[in-house]
Amino acid sequence: METVPPVTDSAGRDPFVRTRRGGSMKAENSVEKLITAVLGAVLPGEGGGTALHEPLFRGREKEYLLQCIDSTFVSSVGGFVDRFEAMLADYIGVKSVVAVVNGTCALQVALEISGVRENDEVILPAMTFVATANAVSHCGAVPHFADCEPGTLGIDPGKLSGYLSRISVTREGECFNRITGRRIGAVVPMHVFGHPGDMDGLTDLCDRYGLPMVEDAAESLGSLYRGRHAGSFGRCAVLSFNGNKTVTTGGGGAVLTDDPELAARARHLTTTAKVPHRWEYFHDAPGYNYRMPNLNAALGCAQLEMLDRIIESKRRLAKRYGSAFADLPGVAFFTEPEHARSNYWLNALIVDREARDRVLSATNKAGYMTRPVWRLMHRLPMHAHCPRMDLSVAEDLEHRLINIPSGPGILFDATGEETA
Ligand SMILES: *Cc1c(COP(=O)(O)O)cnc(C)c1O
């Protein structure tokens, strides 16, 4: 393992671990034992067996699926797709939603309609799920990795601004990387584990550099930044409805925008770019077959009806974790940033670097599914040669972050009142 200096705040302290009673820990109270004990106390059931994030089907999922099958409209046309899009637009507060087959395709299309072209660079966090970077590559563009900030885990706008002022040049209103010569086509913030990033800072930065913002809100359905929904910022945004996300359509995604022209282009491109006609097959671009099938949308409609209760249940779990981990030495439970309401998609602990593997091993052995954060994007072979800024915060977190069980069903069952 390479050595990266630990990240400290302005006073030289670890920004994550506020309570630390170092030295008082006895050998039998190792951090992995303490964490395993807390998981055992918070999570219902005997002896573990808790997944990281299982979907919860407690609404009208089966009813809608049967209706969909009976209607024969199981594919790319049907009432459930339209209803699913309308429900999402209404919930998030955007004008248009285009439902597609997954979040990765949604992001690829969102980048394309936002003007990202082949050989552009697109700025995105190094600490994200690989789909964010892959979608950029699928557009023929080059990912350019930004560091995250300790308070939100999302892109650090102050640090990125300082970096861009050094490496970028503006020509005819467009922003270029003066080192590589490539145009910078967009900035893609990602709300890590559902926690909203600093949207004021990032919006201001994008405005100053004339860069379109494409929000990767795949993990943050229902999260709010200053009362406004994740997915309603930027030129467009994307959601994912994969099986491990807050709500699921089996597989699915969506492009969200307030711009009717962009929405029309997203709809056109994702439905083979067919020009509407009663019988002619005329297509005016190499379009995609990305439309969400009605069958998946049927599941999605039932899931969206449960969304408020799902988020309530996830937030209750986070609150319990927060109190249970509050005074544990050597552990910080990551809580929602100021001015944000998080959906707490995945709960996260931050531990000392040397303790991480012991914690992962002990908790998984006890039956509590825990996982390290994603391998940073610049460590993956296909993205290793991409440009990047100093990534010291992400590189510190890479060896310290652990996700713990977070499914919406964990406390749904535990309280009598929630059981249907
Ligand atoms: C889940 C996810 C996506 C999209 O994933 P799909 O599996 O293609 O729906 C994109 N970005 C992030 C950050 C994600 O977590």
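## Glu32 and its surroundings

Leaving aside residues up to four places away in sequence, Glu32 touches Arg358, Val359 and Ala362. The model described here is a predicted one, and in it Glu32 belongs to helix α1, which spans residues 31–42.

Is Glu32 buried or exposed? Its relative accessibility is 14%, and Glu32 therefore counts as buried, the cut-off for that class being under 20%.

## Helix α5 and Val130

Helix α5 covers residues 130–138, and its buried residues are Ala131, Thr132, Ala133, Asn134, Ala135 and Val136. The cover over these buried residues includes α4 (103–113) together with β2 (121–125), β3 (142–146) and β7 (214–216). Just after the helix, Gly140 adopts a positive phi of about 80 degrees.

Val130 also has its place in helix α5. When residues up to four places away in sequence are not counted, Val130 touches Met377, Leu380, Met382 and His383. For one of these, Leu380, the C-alpha atom is separated from that of Val130 by 8.9 Å, although the two residues are 250 residues apart along the chain.

## Aromatic pairs

A search of the whole structure finds nine aromatic pairs. Among them is the pair of Phe193 and Trp374, which is tilted, with 5.3 Å from centre to centre and 35 degrees between the planes. Why does this pair tie together parts that are 181 residues apart in sequence? Phe193 lies in the loop between β6 (184–187) and α7 (199–209), whereas Trp374 lies in the loop between β15 (371–372) and α12 (392–397), so the pair links those parts of the chain. Phe193 and Trp374 are both buried.

Another pair is made by Phe325 and Phe333, whose ring centres are 6.4 Å apart and whose planes stand at 10 degrees, so this pair is stacked; the cut-off for stacking is an angle under 30 degrees.

## Arginines over aromatic rings

Two arginine placements over aromatic rings can be described in turn. Arg83 lies over the face of Tyr64, at 5.0 Å from the ring centre. Arg171 is placed over the face of Phe176, where the distance to the ring centre is 4.2 Å.

## Ligand surroundings

For Glu219, a polar side-chain atom lies 2.6 Å from an oxygen atom of the ligand, and for Ser240 a polar side-chain atom lies 2.7 Å from an oxygen atom of the ligand. On the nitrogen side, a ligand nitrogen atom is 2.8 Å from an N or O atom in the side chain of Asp216.

How much of the ligand's accessible area does the protein cover, and what is that area when the ligand is on its own? The ligand on its own has 380 Å² of accessible area, of which the protein covers 93%.

How values were computed: Residues numbered from 1 in each chain as written. Predicted model: local features only at pLDDT ≥ 70, side-chain atom pairs only at ≥ 80, totals over all residues. Heavy atoms only, no water. Phe/Tyr/Trp six-rings, centres within 6.5 Å; stacked < 30°, edge-to-face > 60°. Helix = DSSP H or I, 4+ residues; strand = E, 2+ residues; numbered from the N terminus. Buried < 20%, exposed > 50% of the residue type's maximum accessible area, 1.4 Å probe, protein only. Lys NZ or Arg CZ within 6 Å of the ring centre and 35° of its normal. Polar contact = N/O pair within 3.5 Å; in protein donor to acceptor, adjacent residues only side chain to side chain. Areas by Shrake-Rupley, 256 points an atom, 1.4 Å probe, with all protein chains shown as cover. Contact = heavy atoms within 4.5 Å.
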